[in-house]
Amino acid sequence: TYNVIAEGRDTGTVVFPHAQVKVFLTADSKVRAKRWLHMQEARGKHYTLEQALREIEQRDARDSSRATAPLAVPVGGIVLDSTNLT
């Protein structure tokens with residue numbers, strides 16, 4: 001047995017489905033887009049908020065509808081909404 005902290009969109013459902021603790025981190029799409037914008041700006045890339053929001057929503061749609069390891073709340077997972085968290 002190992003103690004591991006791992007993150008990823010299929011970590012709790014596919015990679016470690018029997019983990020003792022599974023957290024599904026989420027936030028409002030517009031807030032996530034703003035956070036994504038800040039990360040991109042730190043890399044020297046520039047987008048509008050509308051472009052960032054479109055990227056976030058398209059990624060969520062793609063990941064939620066893919067045949068292999070779709071984005072989903074894991075069974076027994078704790079949903080943590082970080083919209084109003086720093």
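Modeller: Before we start, helices here are DSSP runs of H or I with at least four residues, strands are E runs of at least two, and both are numbered from the N terminus. The model is predicted.

Colleague: Fine. How many helices and strands does the protein chain have?

Modeller: There are 3 helices and 2 strands in the protein chain.

Colleague: In what order do the elements run from the N terminus?

Modeller: The order is α-β-α-α-β.

Colleague: What box do the C-alpha atoms fill?

Modeller: Along the principal axes, the box is roughly 45 × 30 × 25 Å.

Colleague: And what percentage of the residues is buried?

Modeller: Of the 86 residues in the protein chain, 21% are buried. The chain exposes about 6,700 Å², and carbon and sulfur atoms supply 54% of that area.

Colleague: How many positive and negative side chains are there?

Modeller: The protein chain carries 12 positive and 10 negative side chains, with the centres of the two sets 2 Å apart.

Colleague: What about contacts, say those between residues at least 6 apart in sequence: what share joins residues at least 24 apart?

Modeller: That share is 63% in the protein chain.

Colleague: Now the core. Which residues make up the largest nonpolar core?

Modeller: It has 5 residues in all: Ala-33, Trp-36, Leu-37, Ala-52 and Ile-56. Helices α2 (29-42) and α3 (49-65) each supply at least two residues of this core. The largest share, 3 residues, comes from α2.

Colleague: Why would nonpolar side chains be buried together?

Modeller: As a general point, that is what they tend to do in soluble globular proteins.

Colleague: Take Leu-37. Leaving out residues up to four places away in sequence, what does Leu-37 touch?

Modeller: With those left out, Leu-37 touches Tyr-47, Thr-48, Leu-49 and Ala-52.

Colleague: Switching to Asp-63. Where is its place, and why is it counted as buried?

Modeller: Asp-63 is also placed in helix α3. Its relative accessibility is 10%, so it counts as buried.

Colleague: Which side chain does Asp-63 join in a polar contact?

Modeller: The partner is the side chain of Arg-9, at 2.7 Å. Not counting residues up to four places away in sequence, Asp-63 touches Arg-9, Ala-69, Pro-70 and Leu-71.

Colleague: Where does Ala-69 lie?

Modeller: Ala-69 is in the loop between α3 and β2 (78-81). Its phi is positive, about 50 degrees, although the residue is not a glycine.

Colleague: Is Ala-69 buried or exposed?

Modeller: Buried, because its relative accessibility is 13%. With residues up to four places away in sequence not counted, Ala-69 touches Asp-10, Val-14 and Asp-63.

Colleague: And how far apart are the C-alpha atoms of Ala-69 and Gln-20?

Modeller: They are separated by 20 Å, and the two residues are 49 residues apart along the chain.

Colleague: What does the side chain of Thr-11 reach?

Modeller: It reaches the backbone oxygen of Glu-7, at 3.5 Å. Leaving aside residues up to four places away in sequence, Thr-11 touches Ala-6, Phe-16 and Pro-17.

Colleague: Last one, Thr-26. Which strand is it in?

Modeller: Thr-26 is in strand β1, which covers residues 23-26. The relative accessible area of Thr-26 is 25%, so it is partly exposed.

Colleague: What does Thr-26 touch, not counting residues up to four places away in sequence?

Modeller: On that count, Thr-26 touches Val-79, Leu-80, Asp-81, Ser-82 and Thr-83. The C-alpha atoms of Thr-26 and Gly-8 are separated by 12 Å, and these residues are 18 residues apart along the chain.

Terms used: Residues numbered from 1 in each chain as written. Predicted model: local features only at pLDDT ≥ 70, side-chain atom pairs only at ≥ 80, totals over all residues. Heavy atoms only, no water. Buried < 20%, exposed > 50% of the residue type's maximum accessible area, 1.4 Å probe, protein only. Contact = heavy atoms within 4.5 Å. Areas by Shrake-Rupley, 256 points an atom, 1.4 Å probe, with all protein chains shown as cover. Lys, Arg positive; Asp, Glu negative; His and termini not counted. Charge placed at Lys NZ, Arg CZ, Asp CG, Glu CD. Core = buried A, V, L, I, M, F, W, Y, C linked by side-chain atoms within 4.5 Å. Polar contact = N/O pair within 3.5 Å; in protein donor to acceptor, adjacent residues only side chain to side chain.
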